[in-house]
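My entries follow in the order in which I made them.

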Amino acid sequence: MTSVCVVDIHGTFIDVLRDFRLIADGAGESWYNPRISCGSMQLRFIRPGCLLLFVVLAGAMNCVLNAAEVLRSMRISVLDNNRHPVAGATVVLNINNTAHSLTTNDKGEATAPSLPVAGFKLNVSKDGFQPVSKQITPDAGVSSVEIEVVLVPRLEKRETVVVQAPAAAEQAGSAPQELGRQQMKNAPSHPATVIDALPLLGDVLRGPQGVVMVGGEEKHSALLVNSVDMTDPATGQFGMTVPIDAVENLSVSTSPYLSQYGGFTGGVVSTVTRGGGEKWDFELNDPFPDFRIRSAHLVGVQSVSPHINFGGPLISQKLYFFDAAEVVIDKTPVRTLPFPVNETKTTSENSFTQLDTIFSPAHTLTSTFHFAPQETRYANLSFYNPQAVTPNIDMKSRALAVTDRVTLKGGILQSTVAGEKFDAAVTPQAIGEMIVTPVGNQGSYFSDHRRESSRVEWLENYSFTPVKFSGTHNFQAGSIFSYSDDEGSFLARPVNIQDLNGNLLKRIEFTGGSPFSRTDFGMAGFVQDHWSLRQSFSLDGGLRLEQQSITGTTRFAPRAGFVWTPPIDQKKTVIRGGMGVFYDRVPLNVYAFHNYPREVITTFSSQGDVIDGPTTFLNVIASSMHHVHSVSRRNRAGNFAPYSIGSSVEVERAITSKFKVLAKYSFRNSHGLVEVSPETLKNGRSALVERDSGNAEYREFQITANVGQENGRKLFFTYTRSQSFSDLNESNSYVGNLSFPVFRPDFFVRSSTDVPNRFIIWGDSRLPWKMRIIPMAEYRTGFPFSIMDAYQNFIGVPNATRFSSYFSLDARLMKDLPVNQKYTLRLSVRGLNLTNHFNAILAHSNTADPLFGAFFGNYGRRFKLDFDVLF
């Protein structure tokens, strides 16, 4: 009698007692317990094989197996449902009670030599995916087998997540940059939400007005959470994003040539959230407040931001729960103003809940709910906007999504129904007029803006089983139906532009205006094919059809990409490239412009004489100026279809197994961007005209390198050389959340976020006494800015002057202190701008300012302590 121990793919420990009867020819019997399979597999048998004798002798066990044919080689390719390779997946081959364990490489592949042709069990698992288990029986006489496994997402607890350079060799066009949850949490900047973590990547820059990707403002990019659009339909902005604790993986694609992506002319931010695992886990972060220290004295509490996350099985193997929540009370100091009138006060909650239901290994249901109210007092506070003239912003966002995934006829069908609601109120500190001077603004913020917007979406996506025809075709098709609305009001009060002596130079009054209500219905459909002509060369081709009813346009967006691995290079080099057309979704606030109050402008000399006016400017929404063959438009006002044409080529090279380099060049031209500019109409009337006359151009060359290994010391660095030009008068400066009432003639110049040179380097290293250090350094060219006169008009070419270069060296030192087997305390200290480099915040940019030309404001060297409790 022999005792056999079997550990299956789910970690279940089974003791099996079994009699092995040895018969005359040496054949034995073995015990086997197969599980239900999930996902899809495909076998390809290649060449006839040979015979070998396989004998296993271990300890007291003594099993003699049949002499059998063997496979000289087996290759297992593991992909996700988007046809992207899955690196680090565990592949276990159970052959006659003997387990052979393999791990997929960066290309999602694992190979196994010298296996018996007799049947065996294949198990594939990876954190975040539903395990796959299937019995494999190769045909007699073959010598090589290729197996393709598609994993279905099932979000589970991951203990460690790392940043990887994109090595998706099967993905054509351009691979995304990715961040894992643990890497984001350990960063010296200590990001709390997704939007805080984005500047950690070389493709993303935080500009004066928010996140910038591919040279474009935040509203030109898409934000997806589990494939659902989470941008505000009124403004196109990201708003409150999910907390870092709820994120499994964050990726940024600046050149996403897959036709499943739409609604952007910039880039795509995609977030995959995490679910509960097989055991209950609890984590408490930052439970203690940060104190305000001034001149070595304690002056109250500056901020408190406790956040927790917990999750686990409600019903093992059936129902999993996860929740991440944070409460923030923060008083952010502004270094250009004196204490105590230099703080923006923010109070917010951010909660994300996920429930995963597993009906069967081939059928899962995921439900998520996100709730994020936020109140900001003294928003946009600076030297030029002291507290009295800043607005308060109260925002609230809610989102609910239900996603059903099922394996159907060898493919994967994903169906999602989602709804989001956004409320915003921008109100002044007091009722009064606003005063603009060369040395700063006074009085009260000029507008009172309130709105409510919402969106409901239905998404269908089907990944077909691979088709063999002149290679392998992996087809994917999908559709999106959405309804969104936006209603609210915009009130405005007079604005006075004065010189240093208080003389009135220009007065802007407002007349008319009415509440607005806009609705929009959108449809989109796409089809795409990943065509593997041979092992070393693949093509991606796709077409996307979009319709946005409020614009009266139907748009066609073709896209294509390729990936080539030179066969003589032993797969160490991957070359990708692509080209595509991308259409932006027009925010609903663009169509509320007609209901905004009309400006009445009177211009005076410094002696008080009227130079011009009073002139009433009508609010006019023009019809499109563009004639594009891929756009069908109705002949009406506001028939806008902003679009960009982008292309890129990149080369990825594995110098060694621990050193990888990626070089990329990309180019993007954007046209039809909506802007607002003063014009004189054909009838002689003056108007603020909203039209699609805006353009933008962005070029980038980027080198990225990864040095190190997953569980050891790592170093990541990226250098970006870029050039960005755009029109200045984009509509968001007036119809966005924070409006500014002064309009100037439009110019096509360097954009306000043009950064020719940017270098980021950061690492992760273990130190003695079980400590870790995560250093990070960033250098970049300073942002450009414009010179103005006392009338707030441009002098010379706008954005021709720059701030001095920016440099910051940050680091985080961490140590885990185990209390017992269940509790661990994590202590860390963060140092920011350790070199105390002067990074100017503002410039005196008005020629009438006595300090014209001087730079001021700086966040110097500072340290912060963090305390976390892990259960």
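**Entry 1: a buried charge.** I started with glutamate 457, which is buried (under 20% relative accessible area; exposed is over 50%, partly exposed in between; 1.4 Å probe, protein chains only) and yet has no salt bridge. I took a salt bridge as a side-chain nitrogen of Lys or Arg within 4 Å of a carboxyl oxygen of Asp or Glu. For charge, Lys and Arg count as positive and Asp and Glu as negative, while His and the chain ends are not counted. The nearest side chain of opposite charge is arginine 585, 4.5 Å away. Glutamate 457 lies in strand S33 (residues 447-463). Helices (H or I, at least four residues) and strands (E, at least two) are DSSP runs, numbered from the N terminus. I then listed what glutamate 457 touches, with contact meaning heavy atoms within 4.5 Å. Leaving out residues up to four places away in sequence, the list is Val228, Asp229, Thr416, Val417, Ala418, Glu420, Ile480, Phe481, Ser482 and Arg585.

**Entry 2: ground rules.** I noted that this is a predicted model, in which local features need pLDDT of at least 70 and side-chain atom pairs count only at pLDDT 80 or more, while totals for chains, interfaces and linings use all residues. Residues are numbered from 1 along each chain as its sequence is written, and side-chain values use heavy atoms, with hydrogens and water left out.

**Entry 3: the whole protein.** I looked up the totals next. The protein has 4 helices and 58 strands. Of its 871 residues, 56% count as buried. Among contacts between residues at least 6 apart in sequence, 67% join residues at least 24 apart. The protein exposes about 36600 Å², and carbon and sulfur atoms supply 59% of that area; the areas come from the Shrake-Rupley method with a 1.4 Å probe, and for residues only the protein chains shown count as cover.

**Entry 4: a sheet.** Which strands make up the open sheet of 5 strands, and in what order? I read the order as S15-S20-S21-S18-S19, with mixed pairing. Two strands pair if DSSP finds at least two bridges between them. Strand S15 (177-180) and strand S19 (228-229) stand at the edges with a single partner strand each, so one side of each has no neighbour in the sheet. S15 and S20 run antiparallel and are joined by 4 bridges; glutamate 178 has serine 251 in S20 as its bridge partner. Strand S20 (residues 247-253) also pairs with S21, antiparallel over 6 bridges, and there valine 247 stands opposite threonine 273. Strand S18 (residues 222-225) pairs with S21 in the parallel sense over 4 bridges, with leucine 223 opposite valine 269. I checked the burial of S21 (residues 268-273): 5 of its 6 residues are buried, so the strand is largely enclosed by the rest of the structure.

**Entry 5: the cores.** A nonpolar core is a set of buried Ala, Val, Leu, Ile, Met, Phe, Trp, Tyr and Cys residues joined through side-chain atoms within 4.5 Å. The largest has 36 residues, of which Leu198, Met213, Leu250 and Val269 touch the most other members. Among the elements that give two or more residues to this core are helix H2 (194-197), S18 and S20. Leucine 198 touches Val204, Val211, Phe238, Leu250, Val252 and Val269, not counting residues up to four places away in sequence. Another core lies apart from the largest one and has 34 residues, including Ile550 and Tyr734.

Entry 6: Most residues other than glycine have a negative phi, and most peptide bonds are trans. I found a cis bond from phenylalanine 339 to proline 340, with omega near 10°; proline 340 is in the loop between S26 and strand S27 (343-360). Glycine 613 and proline 614 are also joined by a cis peptide bond, with omega about 0°, and proline 614 is in strand S43 (residues 610-621). Is asparagine 799, with its positive phi, buried or exposed? Asparagine 799 is buried, at a relative accessible area of 7%, and its phi is about 55°. Asparagine 836 has a positive phi of about 60° and counts as partly exposed at 38% relative accessibility.
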